[in-house]
Amino acid sequence: MTSLPGLLALLAILALIGTAATGLLRAATEFDLLSVWADPYLWSVLRFTALQAGLSALISVAIAIPVARALSRRRFPGRTLLLRLFGLPMIVPAVAGAFGILTVFGRSGLLADLFAALGLPIRPNIYGLAGILLAHVFFNMPFAVRVLLAAWGTIPAESWRLASMLGLRGADLFRLVEWPMLRRQLPGLLALVFLLCFTSFAVVLTLGGGPASATIEIAIYQALRFDFDPGRAVALSLLQVALCAVLVLAAMRLTGRVADEGGVGRPVLRDDGHTPAARTIDAVVLVLAAGFVLLPLVAILVEGLGGIGKPILASAALWQAAGRSLAVALGAATLALVLGWALAHSIAVLRIGRRRRRLARLFELSGTVVLVVPPLALGAGLFVMLLGTADLRRWALPIVAMVNALMALPFVLRLLVGAAELAQHRHGRLADSLGLSGWARLRLVEWPLLRRPAGFALAIAAGLAFGDLGAAALFGGDGNQTLPVLVAQLLGAYRLQEASTVVLLLVLMGLALFGLIERIFGGPSSN
């Protein structure tokens with residue numbers, strides 16, 4: 001029973017982050033950062049980044065509250081399907097979701113066609129802040145719904161029975177029963193969604209519309225890829241890391257404990273919302289929310305099918321990009337799973353076997369510290385570190401895979417820790433008495449319980465890496481394009497028909513990869 005695997009994983013994580021940090025700090029001494037800090041452009045970028053993240057978080061959570069409340073008190077045919085629909089934006093690549101938003105709400109989109117059919121001279125322009133907000137709500141509102149719905153499920157059944165006995169209805173029921181739960185959950189949820197939008201890259205790159213809508217990540221990308229201004233990139237990266245550290249600490253401090261997704265479908269005994277007005281309001285809320293999520297997904301499918309037979313499908317560059325995306329996804333997922341298992345194993349040994357909870361907490365925090373270093377800042381540090389000393393083109397895909405592995409590690413670790421602790425609690429002493437260690441212990445003791453969460457973690461990590469546009473855009477120059485980079489290039493060149501075909505291929509391959517991995521590894525677990 002040893003914590004050596006976790007220690008090795010921790011050293012590997014620190015080595016990669018340390019290399020990037022060394023690159024940033026070394027470059028900081030080579031450039032006049034004071035002049036960069038005094039640049040008004042940097043502060044305008046910071047203001048817009050905070051503005052779009054704050055508005056995105058507020059709108060996403062504000063919409064999620066009535067949707068989650070309606071789902072918590074309604075049982076209807078198709079409810080499970082609706083919850084699965086709300087899960088799709090979490091695994092759809094960001095660049096594909098942005099394309100769906102553009103197809104529905106853009107100047108030539110479905111909404112513009114509807115206005116034209118009604119004789120209204122309205123041509124919506126969603127490039128800029130409006131498009132960024134729409135896309136961020138598309139991705140984060142369903143996530144917030146699932147978090148809040150799980151939180152609603154934690155309200156004790158006794159509270160609902162007591163409220164029914166007291167005849168609480170409407171505003172009184174919300175104020176006395178539901179609001180205390182929301183008051184605990186909303187600060188952390190807002191901080192988490194703010195952090196996700198603060199570090200958003202693909203959405204802003206696709207829908208930003210110009211320098212006026214640049215965020216910190218876009219400014220880093222432009223400084224390295226177009227302006228070749230390492231000094232500005234380093235200053236922005238250091239600023240982003242410092243701000244993300246504050247945001248992560250705030251999110252960790254504010255986020256309350258909620259039930260996991262397994263509790264989303266748990267019946268809740270409540271005796272409210274039976275009036276015609278309440279039923280109508282809930283129905284309208286759910287239909288509008290479902291339509292907002294479903295329309296971009298349907299648009300991706302319809303537009304993509306319309307491009308079947310186009311020359312782009314016969315392009316060697318397309319399938320080479322698909323192959324690179326698969327290689328990055330599988331490499332990143334494998335590395336994330338290995339690091340996640342090593343940390344989870346050591347956490348379980350320390351917390352359950354040795355009762356050293358503080359040390360176990362340190363290993364657990366090491367798996368989430370990567371949230372402090374956003375992928376583009378990490379990539380920028382590695383970019384500057386390798387600049388002039390190595391062939392960037394040769395190292396591009398391995399670096400993209402390593403960066404994506406670190407970005408997926410918090411999700412992987414969250415999924416594996418519970419199963420690893422359960423295996424240690426159930427079978428740890430017996431395994432120790434039998435002298436089981438290493439591969440034999442993993443195969444006979446841990447794997448039966450780890451198999452299903454490990455399969456889901458591997459699928460999540462592969463799906464995230466397959467659709468990544470952050471590090472891939474930084475290193476994916478000519479000859480190294482992945483599918484998301486190819487989509488961004490096609491959209492930037494206004495080759496929308498070809499982009500629609502590649503987006504559909506990206507989504508279908510990503511979903512197929514996710515489903516295949518989960519099916520292979522998601523076998524029956526030991527009970």
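1. Helix α11 makes a left-handed crossing with helix α16. Left-handed here means that the near helix is turned anticlockwise from the far one by less than a right angle; clockwise would be right-handed. α11 covers residues 216-225 and α16 covers residues 375-386. Their axes come within 9 Å and cross at roughly 20°. The two are therefore roughly parallel (angles under 35 degrees; over 145 is roughly antiparallel, 65 to 115 roughly perpendicular, the rest oblique). Axes are lines fitted to C-alpha atoms, for helices over the stretch in contact, and angles run from 0 to 180 degrees between N-to-C directions.

2. From α11, the residues in this contact are E217, I220, Y221 and L224. α16 supplies P375, L376, A380, F383 and V384. Contact means heavy atoms within 4.5 Å. By class, the α11 contact with α16 has 8 nonpolar, no polar and 1 charged residues. Nonpolar covers Ala, Val, Leu, Ile, Met, Phe, Trp, Tyr, Cys and Pro; charged covers Asp, Glu, Lys and Arg; the others, Gly among them, are polar.

3. The model is predicted: local features need pLDDT of at least 70, side-chain atom pairs count only at pLDDT 80 or more, and totals for chains, interfaces and linings use all residues. Residues are numbered from 1 along each chain as its sequence is written, and side-chain values use heavy atoms, with hydrogens and water left out.

4. Overall, the protein has 21 helices and 0 strands (DSSP runs numbered from the N terminus: H or I of at least four residues for helices, E of at least two for strands). It has 527 residues, and 52% count as buried (under 20% relative accessible area; over 50% is exposed, in between is partly exposed; 1.4 Å probe, protein chains only). Among contacts with a separation of 6 or more, 82% join residues 24 or more positions apart. The accessible surface is about 23700 Å², with 66% belonging to carbon and sulfur atoms (Shrake-Rupley method, 1.4 Å probe; for residues, only the protein chains shown count as cover).

5. Helix α4 (residues 79-87) packs on α7 (residues 129-152), with axes within 8 Å and a crossing of roughly 130°. The pair is therefore oblique. α4 passes α7 in a left-handed crossing. R79, L83, R84, F86 and G87 of α4 meet P142, V145, R146 and L149 of α7. The class count is 5 nonpolar, 1 polar and 3 charged residues.

6. α4 also packs against helix α3 (residues 40-73), at about 150° and with the axes 11 Å apart. That angle makes α3 roughly antiparallel to α4. This crossing is left-handed. V67, L71 and S72 of α3 meet R79, L82, L83 and F86 of α4. Here the classes are 5 nonpolar, 1 polar and 1 charged residues.

7. T206 sits in helix α10 (residues 202-207). T206 is buried, at 12% relative accessible area. Setting aside neighbours within four places in sequence, T206 contacts V95, A98, Y127 and L491.

8. P410 belongs to helix α17 (residues 392-433). P410 is buried too, with a relative accessible area of 11%. Residues up to four places away excluded, P410 touches G367, T368, V370 and L371. The C-alpha atoms of P410 and E364 are 9.1 Å apart, and these two residues lie 46 residues apart along the chain.
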